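Hello,

Here is the structure you are taking over. Please look through it before reading the notes below.

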Amino acid sequence: MDLGCGTGLVGEALYASGFTQLDGLDPSQGMLDVARSKGIYGELYCAYVALGDEKLAIPDNTYDGLTICGSMGVNMVPPEGIYEMHRLVKPGGIIVNVVRQETVNEIEGFKDRLEPMMEQMEKDGKWKLVSRVLFPDYLVDQGGVIFTHQVC
Ligand SMILES: C[S@@+](CC[C@H](N)C(=O)[O-])C[C@H]1O[C@@H](n2cnc3c(N)ncnc32)[C@H](O)[C@@H]1O
């Protein structure tokens, strides 16, 4: 699952790396139309991860892996979205979440929340942190963080 797939930039890179069974999800039909035109996705869901208890119309444990790149932040996927990500992935599966460092460290609603929520999920035995990698120049002069978790 490529969550918040937009026009499919990440999907293209994944497909080229051999991940040829890909679904995507995004609330923008216009973006999904572009993603569809690339011919690399199976299902493309026009939906959004909501704040609160609302679940996506996708069963638990559907995917071997899930990526979300640049789609967590203000007015996008909220911190609580990690619960939906976790729900969609099978035990043993991998979740890769790429977020701006600024979002993780400075933005209200995310700083002091996103990482503690991730850590609490680890304490609750839901997933394990595989790696937390910082990288520069994610967006103009801003760095990014790549969180990789394995579902328990
Ligand atoms: C910066 S774009 C990144 C797109 C793509 N992942 C990429 O790297 O090219 C953020 C995407 O998140 C989507 N998005 C925003 N809010 C969302 C939500 N609540 N649930 C799912 N996707 C959302 C937007 O429609 C947009 O396509």
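What pattern does the chain follow, read along the sequence? The pattern is β-α-β-α-β-β-α-β-α-α-β-β, and the chain has five helices and seven strands. Helices (H or I, at least four residues) and strands (E, at least two) are DSSP runs, numbered from the N terminus.

This is a predicted model, in which local features need pLDDT of at least 70 and side-chain atom pairs count only at pLDDT 80 or more, while totals for chains, interfaces and linings use all residues. Residues are numbered from 1 along each chain as its sequence is written, and side-chain values use heavy atoms, with hydrogens and water left out.

Overall size: the chain has a radius of gyration of 15 Å, which agrees with the value near 15 Å for a compact globule of 152 residues. That radius is taken over C-alpha atoms, and the globule rule is 2.2 Å times the number of residues to the power 0.38.

An automatic or database domain assignment sets the domain bounds, giving domain 1 (1-48) and domain 2 (60-152). Eight residues from domain 1 and eight residues from domain 2 form the contact (heavy atoms within 4.5 Å).

Between them, the two domains bury about 710 Å², 59% of it on carbon and sulfur atoms. Buried area is the accessible area (1.4 Å probe) that two parts lose on being put together, summed over both. Met-1, Leu-3 and Val-10 supply 73% of the area that domain 1 buries against domain 2.

On the side of domain 1 that touches domain 2, strand S1 (2-3) and helix H1 (9-16) each give two or more residues.

Regards
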